[in-house]
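Please walk me through this protein model.

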Amino acid sequence: MSRLPDDFVENMIELLGDAEAEALFASFRSPRTHGLRINPLKICMSAKDDSCLRALERMFDLQPVPWCPSGYYYDERTAPGKHPYHQAGLYYIQEPSAMLAAELLDPQPGDLVLDLAAAPGGKSTHIAGKLRGEGLLVANDVHPDRAKALSENIERFGVANAVVTNADPWVLAERFPAFFDKLMLDAPCSGEGMFRKDPEAAALWSAEKVRQCAALQADLLDAAAIMLKPGGTLAYSTCTFNREENERTVESFVARHPEFAVVRTERIWPHRQRGEGHFVALLSKRDESAPAANGARGERRRTGAGKSGAPEKRAREAERMANDFVERMLPGYSPGPGSPLLFGEQLYWLPAPAVKPFRDGALDGVRLLRPGLHIGAVKNGRFEPAHALALAAPVGGTSENEISFPADSPEIAAYLRGETIVHSAARGWCRIAVDGYPLGWGKANGHLIKNHYPRGLRRRM
């Protein structure tokens, strides 16, 4: 790796002392850790029915991550990110230290949760797994390209009760004062915990960058404070080691917002634990505090109603067609409480807790990448199912429209490349699965299955 910056070395010696700082520096010359987190929306982790989990443990040489029940270290040589199970959303590749934050936040089914700087989606998918399809997750990122990747990962994980936004945090703060039960802020930081993973990170580090990050973190925390309900919980995390971005940022925040109190702080160090390093502070907002509307940049706008952009009659027809398709192809499946929402040709299922804010205009002017579960599109009087619907609904259709192939089969490899599959399936839409876990849609003509796997996800090999 690159030579460690002198200011960083001095900071760590001051923080840890000579001997332990040297142990930290030595750890940067060791191999990095690799981890994945099981998706409880798709894999049962109960001891009574954990056959898939046991199979994954054997395939990838999984070892438990101590601070995350669904987290595991894997052997890098097994490459789980290249396996079809990854495309099916059975797990999320995530650095083990980063799994700590959502565990400490501990969202419960039914909670309203905001992940304020969510891309690429590690903590959002972790939160979604804990919500178990109940409540609401708003996953936001201010950067458009990163927000798109976030949306794709939410989709792959099969999450039905999430809204993905691409908005400035202060825009959200204006619209959602005292709205969320739990809030995750995995803040942009100087990335000292990336030194072992990315050698260029050390070369890009500077004391000035630390100061800039601390200023940004303070701004994001101030926005977050407005959106958390009294009695709510905020998790603030970074993948850096210095006190300025961690303890001092938290201390300064509590001084500005006396309604908050620090409940717990945790650090993971690469020379002490098996991980790249992480800092997490858990803060609570007192019940007796009034909604913190002061400080928001501007007034919350209410327009009286959200607009679907389509006549009511067309929206009703789209819903009818979608219901017919789901009843026929995915019998018994429901995305949970909510309402249909038609944007142009695209039909979504807006989770119930998001319906009122949408109708009140809280989401007006907020760029929505995914206003709930994407159900499909209505084009020229026909309904075309969305890729997200295939991944969100568990296996449960008839033998005629659920077609599963082994993970190592040529059909799965061809499907992921976007190729046509030779198969005598019944005519019409069918759902392709790998060992029983859905991957996406195809359309059969009796001897071939036309591939409907999204072009942007197809493998090049």
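Is E57 buried, partly exposed or exposed? E57 counts as partly exposed, with a relative accessibility of 22%. Here buried means under 20% relative accessible area, exposed means over 50%, and partly exposed lies in between (1.4 Å probe, protein chains only).

A word on the source. This is a predicted model, in which local features need pLDDT of at least 70 and side-chain atom pairs count only at pLDDT 80 or more, while totals for chains, interfaces and linings use all residues. Residues are numbered from 1 along each chain as its sequence is written, and side-chain values use heavy atoms, leaving out hydrogens and water.

E57 has a partner. Its side chain meets that of R54 in a salt bridge, at 2.5 Å from N to O. A salt bridge is a side-chain nitrogen of Lys or Arg within 4 Å of a carboxyl oxygen of Asp or Glu. R54 is also partly exposed, at 29%. Helices (H or I, at least four residues) and strands (E, at least two) are DSSP runs, numbered from the N terminus.

The structure holds 22 salt bridges. R196 pairs with E276, with the closest N and O atoms 2.8 Å apart. R196 lies in the loop between β8 and α9 (199–204), and E276 in the loop between β10 and β11 (278–285), so the pair ties together parts that are 80 residues apart in sequence. Both R196 and E276 are buried. R3 and D6 form another salt bridge, at 3.0 Å between the closest N and O atoms. R3 is exposed, at 65%. D6 is partly exposed, at 44%.

Now turn to helix α1 (residues 6–16). Its residues F8, M12, L15 and L16 are buried. They cover an arc of only 75° around the axis, which puts them on the same side of α1. That arc is taken from the directions from the helix axis to the C-beta atoms. The face turned away from the buried side carries the exposed residues E10 and E14. The buried residues pack against α2 (18–27) and β10 (260–268), where contact means heavy atoms within 4.5 Å. Just after α1, G17 takes a positive phi of about 90°.
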